[in-house]
Amino acid sequence: MSVLTRDEAQTRADLLDVHRYTIDLDLTGGDETFDSHTLIAFSARTDGDTFVEVRPAELRSVTLDGHPLDPEALDGNRLPLRNLTAGEHELRVHAAMRYSRTGEGMHRFTDPTDGETYVYTQLFLDDVQRVFAAFDQPDLKAVFELSVRAPQGWTVLANGITEHTGDGHWRAAPTPLISTYLVAVAAGPWHSVRTEHRGLPFGLHCRRSLAPYLDADADELLDVTRACYDRYHEKFDEPYPFDSYDQAFVPEFNAGAMENPGLVTFRDEFVYRSAVTDTERQTRAMVVAHEMAHMWFGDLVTLKWWDDIWLNESFAEYMGYQTLTEATRFTDTWTDFGVTRKSWGYDADQRPSTHPVAPEAVDDTASALLNFDGISYAKGASALRQLVAWLGEKDFLAGINTHFARHRFANATLADFIDSLAAATERDVHAWADAWLRTTGVDTLTPHIAPGEHGTCALTVDRAGSRPHHIAVGLYDRDLGDDGGQLVLRERLHLDLPQDGAHPIGKRPALLLLNDGDLSYAKVRFDPESFETVRKDLSGLPSPLTRAVVWNALRDAVRDGELAPGAYLETARTHLPLETDLAIVQGVLAFAATQITDRYLTPGERPAALATLSELCRDLIRRTEDGDNPGLRLIAVRHRIHVAAHPDTIAAWLADGTVPGGPELDPELRWRVLARLAVLGATDEAAIAAELQRDPSATGQEGAARCRAALPDPDAKARAWAAMFGSDDLSNYLFAATARGFWQPEQADLVREYVPRYYADAVAVAERRGPAIATAVGSDAFPAHAVDADSLRLGEECLRDAAPIPALRRRLVDQLDDLKRALRVRESGQPA
């Protein structure tokens, strides 16, 4: 398949205006292919040659202005259109298209619970050509008229309101001008919850087997949807630009969600079958807010080319968190962002694959796909948060509304957006954009406190990096009252960096914290006295967001080899039992268990670390025995399972169906326990099969695949490897589940022979199965436990000699850089 280059897209956009697509899909022809008829009405500005993209199972016929074209002229995914004359044209394409099992194009899924089948499209970034013929680039917007023939009993959802015209035929209302990658269809026997808000149809949809769980959360989901809708209408002058707002929770979805206008698709894990924490509900609500923001940022005004994906994702990320904070009960969303999302950006920005938030040029679509990462989302959102702090929200929103007015239903670039902002302020936003959006890497801010006269001090801040920062500096003193160990905010200073001279701060505080409030994007360090205060009194800081900044600073210090992993664990052991914010507890435990225990510590140090985390989780479980904090208890139980070094306790939980004092083991916890028992060699195939009979759902199938791959048995490992790399039968989710079970630190000797096999097999399966599976191969299936020089050498040889496809190459580059970092941390020898 040929990828579209930026130059090719520009040439085609100069030649063509695309007016309308009339698309007819027939989903009744079996479970392998579907029929696709496309009529494209377009005009050429001058005489010339171009091409249309289509990736068929069979290209049955093509006509241009009533004249047949040879289907054999199809070259890969490109059908040449030669000798076009200036003026109007009609292209008709009839093809059989393949259903996908990897979440790309038209994905087809049969629910093992009840045998019902569902299909849905995921056409981002260039997968529309798997469903219908198109001039597939974002700046050739058009009107889309869609009709679908579906099996009896199915409902068809699309970007516009759909109407059943009889005999399984459905017609969707024509869209406004939108880009090809935003077209959406979801068809099947959906369970639907429908309502209206301000005259607009709202709908929630899921597969029938999840109906009770969607019904249980429908009020919460619709309340969040309505609140965000209303808040965006307060912020934005431009009203919601489409005729309805459906949210479909679909199976085996590769992303968190997709912002199709009028039909947002979400991964259906967001329809909770089992107990979840309030932070997880907040995350779901944030995704709802994020995707709704895209109706303006991305759908109404769309990037011209993929170098400006930040105009979509960074804005939706920032607006999602900010609007959720303003409009719903989830008022601590920026703490969750600081703990879970921001670290994603920091990590990505320190790897060789880093790129600017707004790159100067993205050469082709394959390169563009790699940039949907922690930089485009988390770093970009952090940069916007810093922009609002520097610019002021009033001018920021004025610039946004100017941008919408200038480019509604059209396309825009970074330059267009900066010009819109510049119209709303006297500040030099062009210089700001150059410093923040065109550069890479993370600045590091280090405080220096110098004594002055009469017991006063002055602060200077060293900045390793080049960006200007507007930050708050928190000065905290110890509370000398009866509640010793508490820290009290004396003052929060506001500094612009680089600073002119030292800033007086009065008497020396117990803790000086740079970037208090987390308004900027930078690593921060502590002066020695502040660091001692952190180790002793971190849990005494009054604000969860402040504590999140401190925990991130400790995390960065570990990753940079400046703080011993054991010191981080001891700090967690001391302060996490007193933590009240669930996002912080979850984030700290996740880093401690997956990075420190599994990678940064040597195998000989690992058992003691697991014991420390197990004791910490037991403390949290004891603390929550009164039932006042079920979310904290659930997090503690999950992690107690994850770090169990011996099977007895968790096996007893599984046998009893409950943790003493609660919670009862729902399906998610049962599979979690069984997976850990499999790792420890304390269960077998018979127990896995019995559990799958108890829970035959899609999630149960994934749980069973993970457990089977985790069994410490050579035959089980061989079967799992063959399923992943020896055949192409596994769906995207079953592949990922199998991969997550396969590699276990406890089984390093058992799987040692597979580490050198991984690289050749990974390249081969990625080539065969495409970007979605390549991504899973490079993330879930990577032998991350193998932190040694031999594994690093094998990976570097693969990158040098095997030429993996871009999606896999990017993952391997990142994984190998993380491996190098883990080796450096082990070699740093920092004392605890």
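Let's begin where two helices touch: E317, Y318, Y321, Q322, L324 and T325 in α4 meet T333, W334, F337 and R341 in α5. The residues of this contact divide into 5 nonpolar, 3 polar and 2 charged. Keep in mind as you look that this is a predicted model.

How do we describe such a pair? Two packed helices are described by the angle between their axes and the distance between the axes. Here helix α4 covers residues 310–327 and helix α5 covers residues 333–349. Their axes come within 8 Å and cross at roughly 145°.

Strand β22 (residues 444–451) pairs with strand β23 (residues 456–464) in the antiparallel sense, over 8 bridges. To find your place in this pair, look for A450, which stands opposite A458 in β23. The two strands form a hairpin, with 4 residues between them. In the turn you will find H454, which has a positive phi of about 60°.

β22 has another pairing to show you. With strand β28 (residues 523–524), β22 pairs in the parallel sense over 2 bridges. T444 is the residue to look for here, as T444 stands opposite K523 in β28.

Next comes a sheet. Which strands form it, and in what order? There are 3 of them, in the order β25-β24-β27, and the sheet is open with antiparallel pairing. β25 (487–497) and β27 (511–514) are the edge strands, each pairing on one side only. From one strand to the next, the twist averages 20°.

Take a closer look at β24, which spans residues 469–478 and is joined to β25 by 10 bridges. These two strands run antiparallel, and D477 stands opposite V488 in β25.

Finally, step back to see the whole protein, with its 26 helices and 28 strands. Its radius of gyration is 27 Å, close to the 28 Å that the globule rule gives for 832 residues, so the protein is as compact as a globular protein of that length. Along its principal axes, the C-alpha trace spans about 90 × 70 × 55 Å.

How much of the protein is made up of buried residues? They account for 60% of the 832 residues. Among contacts with a separation of 6 or more, 72% come from residues 24 or more positions apart.

Definitions and conventions:
Residues are numbered from 1 along each chain as its sequence is written. This is a predicted model: local features need pLDDT of at least 70, side-chain atom pairs count only at pLDDT 80 or more; totals for chains, interfaces and linings use all residues. Side-chain values use heavy atoms; hydrogens and water are left out. Axes are lines fitted to C-alpha atoms, for helices over the stretch in contact, and angles run from 0 to 180 degrees between N-to-C directions. Contact means heavy atoms within 4.5 Å. Ala, Val, Leu, Ile, Met, Phe, Trp, Tyr, Cys and Pro count as nonpolar, Asp, Glu, Lys and Arg as charged, and the others, Gly among them, as polar. Two strands pair if DSSP finds at least two bridges between them. The radius of gyration is taken over C-alpha atoms; the globule rule is 2.2 Å times the number of residues to the power 0.38. Buried means under 20% relative accessible area, exposed over 50%, partly exposed in between (1.4 Å probe, protein chains only).
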